[in-house]
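Colleague: I would like to learn how to read a structure like this one, feature by feature. Could you take me through it slowly?

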Amino acid sequence: MMAHLRFLMLVIMNSSLTMAYQMFMKRLPNADQVPHPCKLHHTWPGVGHRNPKGGGQRNQFGLDFFAAGQKWTRALCGKDSDGDGRTNGMELGDPTCAWKEGVIPDVTSGITHPGICDPWGGPACSADNAWVSCETEEFNCSATSEPEVQTRTLRFPRMKVPSTETNYFCQTFDLPADRDYHLIATEPTIDNIHVMHHIRLMGCRDGVPEIHHPRQCYMAERGCNDVIGLWTVGLAGQCLYKEAGFRIGASGYKRVLLELHWNNPEMRGDYHDASGLKIYFTPRLRPYDAGILWTGQERLLLPPGESKIVVQSTCPSECTKRYFSNPIYITNSLNHMHYMGISESVEHLRKGKRLQYLTNEAFYTYDNPVINTFDPPLEVRPGDAFKTTCVYRTLSRRVTTMWGEGTNDEMCYSLLMFYPKSAVSNVYCDGWGDYNSCMVDHDGLYRGCHVANFKNQSHPETQKIYHKVLKHCDYKYGECLPECPDVLAEVKQHPCLQGDLGDKMLEEFIEDGGARRMRFATALRSCDCPRLSEYHVGMQDMTSSSGLRLMQSYITVFVLVLNSLTH
């Protein structure tokens with residue numbers, strides 16, 4: 001009870017403080033993009049304070065901001081608070097001091113800290129920057145020093161990182177199988193922090209083929225779906241609750257898959273990496289096997305230039321009734337968004353009423369993840385629900401941000417570590433808009449749609465729909481044929497093609513990669529674009545401003561539709 005009260009008090013204190021920080025951040029250009037000067041991939045959201053997270057003693061820029069009435073003025077913009085020869089406006093992307101609150105700044109890249117002297121590490125700045133800490137958090141897990149604990153480091157051989165922005169590579173490793181063990185902790189071994197985004201260790205089913213050397217993969221491989229180890233920027237390591245561990249060995253995971261996500265936004269061709277995870281495991285089994293439950297929202301479309309965008313998702317009571325055979329106990333929780341995320345919470349609901357928060361970060365930062373620990377663990381019963389709320393700020397973006405694996409994309413997840421694993425049959429309860437796959441009833445129906453039948457291309461009803469759409473709509477060039485709109489109007493009345501379920505169906509068809517499914521999805525969306533014949537309008541004089549604007553509008557539509565097909 002005392003642990004729960006302490007968590008509640010911290011939530012209340014943090015909420016009141018961080019709401020003020022977010023209010024001040026909206027008054028400054030690019031305040032959510034200010035980098036830490038000596039910690040790669042870390043930001044400094046408390047830009048006016050000596051503490052990167054905000055609060056406490058102000059730095060010189062914070063003092064100047066306070067003196068200016070906590071507003072962005074021309075005088076504050078033109079001032080050089082850190083004395084490095086660049087004005088505050090130059091450092092924050094407003095070199096002409098013309099920025100107004102709520103407007104996308106003229107410059108959104110190359111941002112530097114207006115309260116810390118540049119160049120970092122230079123002799124002219126060393127005295128002024130003596131207060132800045134470059135130390136990272138050390139991994140502290142007392143259980144790893146117990147006498148029977150064994151260790152093993154799983155890492156890639158040193159290899160070249162591809163010169164593309166987002167890369168997933170995987171390799172399998174075999175674990176001791178002479179007896180049962182519990183994996184009780186993981187610690188990152190980071191070789192190249194310039195490219196490392198996150199690491200996942202996945203447990204594999206028996207019989208999954210071995211991957212001898214790292215190869216490109218897409219967020220894990222089939223048969224290796226259970227997360228048992230995780231690292232992301234800012235985490236020192238993962239230490240499991242004292243009563244539970246991930247079972248490996250004779251009756252557990254004998255083979256694991258190590259997945260590295262490299263983020264290379266500059267698309268450099270000279271990066272190499274050999275990162276991995278050090279695992280700690282013991283033959284002294286704990287009382288329970290552990291698992292990780294995922295909840296959140298995967299349908300993200302975040303328009304640019306917004307100070308606050310709220311996205312919500314619910315893992316409803318129907319899902320926990322179906323997935324949970326008995327109560328489970330939450331030991332830890334962790335939020336996961338990317339750089340546009342500013343706050344996230346997960347509420348634990350019973351009969352529509354909130355019992356408690358499982359996470360509540362009023363001020364979320366991607367590079368400072370918070371692991372909440374519950375001791376004693378929190379009980380969740382079959383029929384309870386989880387409500388996830390993710391909040392984003394896109395003031396520094398000029399294009400729509402969507403769900404994706406890269407740091408410039410976004411996510412909305414929360415990871416809930418629990419025991420006993422045997423009580424949960426499916427650990428994924430994330431939504432696609434209002435649709436959640438767990439809401440498909442025992443007869444395979446969701447709001448009149450038989451999901452499995454519709455996904456089956458050989459089913460007679462599905463074949464009939466495919467044939468009608470592919471016969472009357474263009475799947476080769478994407479042009480809206482004259483007879484197509486009427487056909488689509490009829491076909492889209494089908495319950496499997498309506499609302500968020502319909503969008504999810506098309507997204508799965510595209511990701512499936514099958515030629516016929518992709519043709520069907522293309523034809524189904526062919527009339528979302530202007531007809532190709534309309535492109536001839538205004539094309540005769542491409543030097544005119546109206547012709548250019550018309551072409552730009554068509555290109556914009558094309559890109560939006562293309563993005564929808566590829567995400």
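Colleague: Which residues is Trp231 in contact with, leaving aside its neighbours within four places in sequence?

Modeller: A contact list tells us which heavy atoms come within 4.5 Å of one another. In this model, which is predicted, Trp231 is in contact with Pro188, Ile190, Ile193, Met196, His197, His198, Ile199 and Leu277, once its neighbours within four places in sequence are set aside.

Colleague: Where is Trp231 placed, and does it count as buried or exposed?

Modeller: Trp231 belongs to strand 7, which covers residues 226-232. Because the cut-off for buried is under 20% relative accessible area, Trp231 counts as buried with its 4% relative accessibility. The side chain of Trp231 also reaches the backbone oxygen of Leu235, at 2.9 Å.

Colleague: How far from Asp273 is the nearest side chain of opposite charge?

Modeller: To call something a salt bridge, we ask for a side-chain nitrogen of Lys or Arg within 4 Å of a carboxyl oxygen of Asp or Glu. Asp273, which is found in strand 11 (residues 272-273), is buried yet has no salt bridge, and Arg158, the nearest side chain of opposite charge, is 5.7 Å away. What Asp273 does have is a polar contact of 2.8 Å, side chain to side chain, with Trp262.

Colleague: Which residues touch the most other members of the largest nonpolar core?

Modeller: A nonpolar core is read as a set of buried residues joined through their side-chain atoms. Here the largest one has 64 residues, and those touching the most other members are Leu201, Phe246, Val256, Leu258, Trp262 and Tyr392. Strand 10 (residues 255-263) gives the largest share of this core, 5 residues. A second, separate core has 26 residues, among them Tyr466, Val487, Leu488 and Met505.

Colleague: What does Trp262 touch, not counting residues up to four places away in sequence?

Modeller: Its partners include Phe156, Met159, Val161, Phe169, Val195 and Met196, together with Asp273.

Colleague: What is the average pLDDT of the protein chain?

Modeller: The pLDDT gives the predictor's confidence in each residue, from 0 to 100. The protein chain averages 85, with 88% of the residues scoring at least 70. Over residues 1-20, however, the pLDDT is below 50, and this stretch has 12 contacts in the model beyond near neighbours in sequence. Residues 531-567 also stay under 50, and for them the model has 32 contacts beyond four places in sequence.

How values were computed
Residues are numbered from 1 along each chain as its sequence is written. This is a predicted model: local features need pLDDT of at least 70, side-chain atom pairs count only at pLDDT 80 or more; totals for chains, interfaces and linings use all residues. Side-chain values use heavy atoms; hydrogens and water are left out. Helices (H or I, at least four residues) and strands (E, at least two) are DSSP runs, numbered from the N terminus. Buried means under 20% relative accessible area, exposed over 50%, partly exposed in between (1.4 Å probe, protein chains only). Lys and Arg count as positive and Asp and Glu as negative; His and the chain ends are not counted. A polar contact is a pair of N or O atoms within 3.5 Å; within protein, one must be able to donate a hydrogen and the other to accept it, and residues adjacent in sequence count only if both atoms are side-chain atoms. A nonpolar core is a set of buried Ala, Val, Leu, Ile, Met, Phe, Trp, Tyr and Cys residues joined through side-chain atoms within 4.5 Å.
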